[in-house]
Amino acid sequence: MDHFLYRDGELFAEDVAVADIAAQVGTPFYCYSTATLTRHFQLFNEALEGTDHLVCYAMKAASNQAILKTLAALGAGMDVVSGGEYARAKAAGVPGDRIVFSGVGKTAAEIRAALDGGIRQFNVESEPELRVISQIASAMGATAPVTIRVNPDVDAKTHAKIATGKSENKFGIPIAKARAVYAEAASLPGIEVIGIDVHIGSQLTQLEPYEQAYQKVAELTEQLRADGHNIRRLDLGGGLGIPYTRSNEAPPLPMDYGALVKRTLGHLGCELEIEPGRLIAGNAGILVSEVIYVKDGVGRTFLILDAAMNDLIRPAMYDAHHEIVPVKEAEPGVEMAPYDIVGPVCESGDTFAKGRVMPPLQAGDLVAFRSAGAYGAVMSSEYNTRPLVPEVLVNGDQFAVIRARPSFDEIINRDTIPAWL
Ligand code: LLP
């Protein structure tokens, strides 16, 4: 459920007409709903009710300061994967003891910054990383809390580019090696082993891969405890998928996921963490764009929008489907027609949809890409010197620009000219 609904034939974001935002901000822009962000965050809290848990929002999905502050105020922790994300979390007021640090390539500088500013735990992904954390923490006279990310070799049954839990993926340490790595971790200075981490992929639409992975984690917990490790926290990753189409997809609900977590891991008495990103932000955001031209091609009609692959890369990168709806609702019974929906960037890959059946549209009409809140604005670029797409946050009947569109001068003046030119 989200809060982008038609009222009297006009698309609203909560209590604000999307067309009114477009008139003030210009297109294209991302628009997020506070109510939807809040609801999705709370769904996870409710799903894990009765357990000692922390929902650490995977801020890579959408990391605007206003979004982070909205979630932090609800008690969210943050899952960060870079020094930049760590700084963003801190800037949004998230205390270090609610920030977990994931990622295969944490640099020494990033590790130092996190130890300095406070960290709930590092999710360690390799032996070399473990040793570097040990060295840095020891030199600082600090103790680094760590979980070790295990790769359970489970097929997450999702797009290959976002599956992370198979042995061919770069993530985690093979679960078969876990006992040896934990033994090394326990012997290293500056390291405190507190638990286990697992994340098998993103946009999972079935619970079965989670079940397989979590059962392996449960077994490993018992083995490691028998080896003498005080395993008291389990980080279960994120990845729960969202429906991108209205009709044929019904991914599992957070409540069912929560029941699975409790069933597979509840008996261990561990503190639980989860790292959802997409399910919190995905359907809480839309990308709004204007039709520039309707162009007749050979055997097809192109709808040329002012949004492009640099603003929303998911269709080009993962063949992702996003529903595209007119901001002014089509009259009932109007004749629909197929369109190839494209952006202005000079690549054929700048195609959002082919043969998408839409009501008739003309230049100047507004359309909205649904389910664009996660991995939308954060993956945007200024390719073709198209200004970074702005972001707007709605809350009830109010809205605010939370990232402004840069001017051409701002873009150009970021470049610097060497003395010889
Ligand atoms: N935890 C870790 C360690 C992760 O790597 C990720 C996502 C998450 C949590 C959050 O997963 P989520 O709940 O959002 O599925 N750009 C791609 C998705 C990449 C996901 C990367 N890792 C897309 O647009 O589909």
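Okay, let's start at the ligand: 21 residues sit around it, and A58, S202, G238, G277 and Y375 come nearest. "Near" here means a C-beta atom, placed from the backbone, within 6 Å of the molecule. Two elements, α10 (278–281) and α11 (314–318), each give two or more residues to that shell. Helices are DSSP runs of H or I with at least four residues, strands are E runs of at least two, and both are numbered from the N terminus.

Before I go on, this is a predicted model: local features need pLDDT of at least 70, side-chain atom pairs count only at pLDDT 80 or more, and totals for chains, interfaces and linings use all residues. Numbering runs from 1 along each chain as its sequence is written.

Back to the shell. Domain 1 (4–31 + 283–412) and domain 2 (34–280) each supply at least three residues, with the bounds taken from an automatic or database domain assignment.

Most residues other than glycine have a negative phi, and most peptide bonds are trans. Here, though, the T27 to P28 bond is cis, omega near -5 degrees, and P28 is in the loop between α1 (18–25) and β4 (29–33).

How open is T385, buried or exposed? Exposed, with 9 other C-beta atoms within 10 Å; the cut-off for exposed is 12 or fewer, buried takes 20 or more, and partly exposed is in between, with C-beta atoms placed from the backbone.
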